[in-house]
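Please look at the sequence and the model below before reading on. The text then goes from the whole chain to single residues.

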Amino acid sequence: MTDGTATAELDVALEKHRTELTGYCYRMLGSSFEAEDAVQDTLVRAWRSYEKFEGRSSLRSWLYRIATNVCLDMLNAGNKRARPMDLSESTPLAQAALSPRPDNTWLEPVPDARVLPTVDDPAEAAVAKESIRLAFMAALQQLPPKQRAVLILREVLAWRATEVAELLGTTVASVNSALQRARATLAEQRQSGAAAEVSDPLDEEQQKLLERYVAAFEGYDMTALTALLHEDAIMTMPPFDLWLTGHDDITGFMTTLGSACEGSRLFPVRVNGLPGFAQYKPDPDTGGWSPWSIQVLEISDGRLTGFHFFLDTKRWFPLFGLPLHLEAKADESEEGA
């Protein structure tokens, strides 16, 4: 075998783990872009040190060990990402102001395809989707980094305690203790807020709810939208720290500070294991539509309970493979972008 062939085969062997490693790093870091960077660093380190790989563990386990060390190093800065409601109290509409915070403050959305590898087991696929939903991701960020790694490896990826202990260079007792503490913290987080109840795939009722939502939003029909929102629904808009609760304040915001969104168009995206839409709002300068947000929706008891707009479109739309402009006469084929 030539050196060139061996190198190509190693590249292929490493690359096939990219998606699952990106999912792992995303859960660890709470950032789509930092996760991509961490995986790239992991694969480069693996490629450079492959001659030292002794094969005592699988290539996959070795890569996870490298990725864990990369993530722990990145988390040493102490930053943990959050949602607006994790940082402040809800703001009444009358006091609403759009105050941005730095990008590294916020938990970031991620396209499902970048972090969810294809698996044959429906139960495994469901667990993977649930573990990238915004509420679960926000709860993960409350854990110390090593507890976070233990919980992800044990609960999400179903590693054995002995495998996690070997990866982290610690004991099984230490792993079990860390897992117990992590579970307790997550249980507290779940008690403080309702989790999204989204079927996979969406059931008929949920699909109809989303169809009604698109019609209400694109038609900017606040009466119809109110009927879809839970009375305690939450709306967030990172990078702004403002968040609103209740359908009156949400629809009130949309007809005042958010009135420029009237006439928007929505296109489905697969994001964080939840229903989502790419929102384009009218562009008065071009007559077409410009990106405005990636929307992530949470559903519970047949209503919309979470209504999250991620506004940094120059970062998000390319990540989702979406165009940065829609022409005024865009045909139906372009709408599927």
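The paragraphs below take up the overall fold, the confidence of the prediction and a few positions in the backbone.

This is a predicted model. The secondary structure of the protein chain consists of 15 helices and 6 strands. Of the contacts with a separation of 6 or more, 65% are between residues 24 or more positions apart.

Of the 337 residues, 48% count as buried. The protein chain exposes about 16,400 Å², and 50% of that area is supplied by carbon and sulfur atoms. Among the side chains, 32 are positive and 49 are negative, with the centres of the two sets 7 Å apart.

How far can the coordinates be trusted? The average pLDDT of the protein chain is 90, and 93% of the residues score at least 70. Over residues 330–337, however, the pLDDT is below 50, and beyond near neighbours in sequence this stretch has 6 contacts in the model. Where pLDDT is low, predicted coordinates should not be read in detail.

Val156 belongs to helix α8, which covers residues 145–156. Is Val156 buried or exposed? Its relative accessible area is 13%, under the 20% cut-off, so Val156 counts as buried. Leaving aside residues up to four places away in sequence, Val156 touches Arg27, Val127, Ser131, Phe136 and Leu151. Leu324 is 168 residues from Val156 along the chain, and the C-alpha atoms of the two are separated by 35 Å.

The backbone has some further points to check. Most residues other than glycine have a negative phi, and most peptide bonds are trans. The peptide bond from Pro238 to Pro239 is cis, with omega near 15°. Pro239 is in the loop between β1 (229–237) and β2 (240–245).

Two residues other than glycine have a positive phi: Tyr220, near 50°, and Asp301, about 55°. Tyr220 is in the loop between α11 (204–218) and α12 (222–228), whereas Asp301 is in the loop between β5 (289–300) and β6 (303–310). Tyr220 is buried because its relative accessible area is 11%, and Asp301 is exposed because its relative accessible area is 66%.

Note on methods
Residues are numbered from 1 along each chain as its sequence is written. This is a predicted model: local features need pLDDT of at least 70, side-chain atom pairs count only at pLDDT 80 or more; totals for chains, interfaces and linings use all residues. Side-chain values use heavy atoms; hydrogens and water are left out. Helices (H or I, at least four residues) and strands (E, at least two) are DSSP runs, numbered from the N terminus. Buried means under 20% relative accessible area, exposed over 50%, partly exposed in between (1.4 Å probe, protein chains only). Contact means heavy atoms within 4.5 Å. Accessible areas come from the Shrake-Rupley method with a 1.4 Å probe; for residues, only the protein chains shown count as cover. Lys and Arg count as positive and Asp and Glu as negative; His and the chain ends are not counted. The place of a charge is taken as NZ of Lys, CZ of Arg, CG of Asp or CD of Glu. pLDDT is the predictor's confidence in each residue, from 0 to 100.
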